[in-house]
Amino acid sequence: MNFSLLTKKYDVPAPRYTSYPTVPYWENSPTTTQWIHSIRKTLQTSKNPGWSLYVHIPFCESLCTFCGCNNSITRNHAVETPYVEQVLAEWAQYLKEVPELRTQPLQVLHLGGGTPTFLSPQSLKQLLTPILESTRREASFEGSVEVDPRKTTREHLELLRSLGFNRISLGVQDLDPEVQRVIHRNQTLEQTLAITQIARELGYESVNWDLIYGLPLQTLEKIERTAEATLAAKPDRIALYSFALVPWIKPQQRIFKDSDLPVGAEKRALYEKARSLLMERGGYREIGMDHFALPSDGLSQSMDSGRLHRNFMGYVDQRTDLLLGLGVSAISETPECFHQNEKVLNLYSQRTQQGEIPTHRGHLLTDEDRQAREQILKLMTQWKVEISDSNEQKVIREMLSEMITDRLVEIDGSNLRILPEGKPFLRNACMALDRRLRAKQPHARVFSQAL
Ligand SMILES: C[S@@+](CC[C@H](N)C(=O)[O-])C[C@H]1O[C@@H](n2cnc3c(N)ncnc32)[C@H](O)[C@@H]1O
Ligand code: SF4
């Protein structure tokens, strides 16, 4: 079957599976006491040493119209100090409740957003010093930060490097001026190259560029030029995200005209164009659904050793049983529980100031959830998975019957494998393993399109 027909059939709403169960299916929220208990138990019993910390900085000075992140737009930098104090109050609460956070090694610290470099170097120092002083780190520690090259200075990168940060991710999206105009993000190649260069001079081990395919007005020629410029800069990693169009959640995306948006086979062709240039000319390897890395990069090595992992931060090269999220809307996970902080900044501020852990919602995983979570994770990271339960095998075979006929997936005994032509439809295959989705289809639109 040709690709256009396949996209007609399979370009349906599908989760991105950065968690299982996916957020719209969370129920049975833990109380804060249960959540604390789950963290303590994880740190006391985990066979995987160490834990990960994610700190969310929601602020951006201007809104990019494509953006799907949890952010708060302001030019008023007076918000910095109160926010830093609130995150530190939340951290202090965790230290009081979970003393193991001081003794178990902090393996990964990731600053995400919004825009972490909205904070001045002084504010970042004020935020990070108490956290780093109260935790233990080993030589394998990874500190990573997402930066907007338009809002990042040498001083930011020097400060973070001096605190042990060794990885950096730059938001680039697309270099074409017309695309940039419609996504409200004017960013010159020079700005991006300058930050890349400074990061290298300062000794950051891994530099990532975030690109997106499927943006309004993007064409094959435009994405080719963006890919060529990326190849010339040779970042260690590239995330080439599928544009997630979710106007019912992000109303600013309504300004895009349907006729300007590449969809289906046209959208996928943009990915394929960039993919072939990056792999054939740049020597990059394709990691999971939408990432590329040089063979020397940790992400590439983790794929070879079977350590590649996927969580709310996307594909990562280290798996720890605890991922603790601090800051407004931040999501945390343990093997048995998901937990999300208050999503509204005012509520987050109030609750942290009152000395509370700002629980908004979460999900206590059942045994079935845990099985499905591991299976989906395997398929998302290794393109294959073994389904040992015979009843489950039967259901999945039936669910995937059309994909089997279309030679997109293969089931051999208990082994399910994505075939090369099936790679664009990985999210569709995962839906067959998603027991909660199988049991209950969503009533309203919640997921972006599979392609
Ligand atoms: C928090 S931002 C990165 C840091 C900084 N705010 C910036 O934009 O430079 C995280 C990344 O998510 C990706 N992203 C945001 N909205 C998206 C969407 N609707 N579809 C696909 N990717 C998206 C972008 O590539 C962006 O660089
Ligand atoms: S893409 Fe980055 S800078 Fe733009 S609005 Fe989203 S989080 Fe802010």
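How do the residues of the shell around ligand 1 divide into nonpolar, polar and charged? I got eight nonpolar, eight polar and four charged. Here Ala, Val, Leu, Ile, Met, Phe, Trp, Tyr, Cys and Pro count as nonpolar, Asp, Glu, Lys and Arg as charged, and the others, Gly among them, as polar.

Ground rules: this is a predicted model, where local features need pLDDT of at least 70 and side-chain atom pairs count only at pLDDT 80 or more, while totals for chains, interfaces and linings use all residues. Residues are numbered from 1 along each chain as its sequence is written, chains are lettered from A and ligands numbered from 1 in the order written, and side-chain values use heavy atoms, with hydrogens and water left out.

**Ligand 1.** I found 20 residues around ligand 1 (a heavy atom within 4 Å), with Phe 66, Gln 173, Arg 185, Asp 210 and Ala 244 the closest. Next I checked polar contacts, meaning pairs of N or O atoms within 3.5 Å. An N or O atom in the Arg 185 side chain sits 2.8 Å from a ligand oxygen. A polar backbone atom of Ala 244 is 2.9 Å from a ligand nitrogen.

**Helix H1.** I moved on to residues 3-10, a DSSP run of H or I with at least four residues. Leu 6, Thr 7 and Tyr 10 are buried there, meaning under 20% relative accessible area with a 1.4 Å probe, protein chains only. They lie on the same side of H1 because they cover an arc of only 100° around the axis, taken from the directions from the axis to the C-beta atoms. The buried residues of H1 pack against helices H10, H15 and H16 (heavy atoms within 4.5 Å).

Definitions and conventions. A polar contact is a pair of N or O atoms within 3.5 Å; within protein, one must be able to donate a hydrogen and the other to accept it, and residues adjacent in sequence count only if both atoms are side-chain atoms. Buried means under 20% relative accessible area, exposed over 50%, partly exposed in between (1.4 Å probe, protein chains only). Helices (H or I, at least four residues) and strands (E, at least two) are DSSP runs, numbered from the N terminus.
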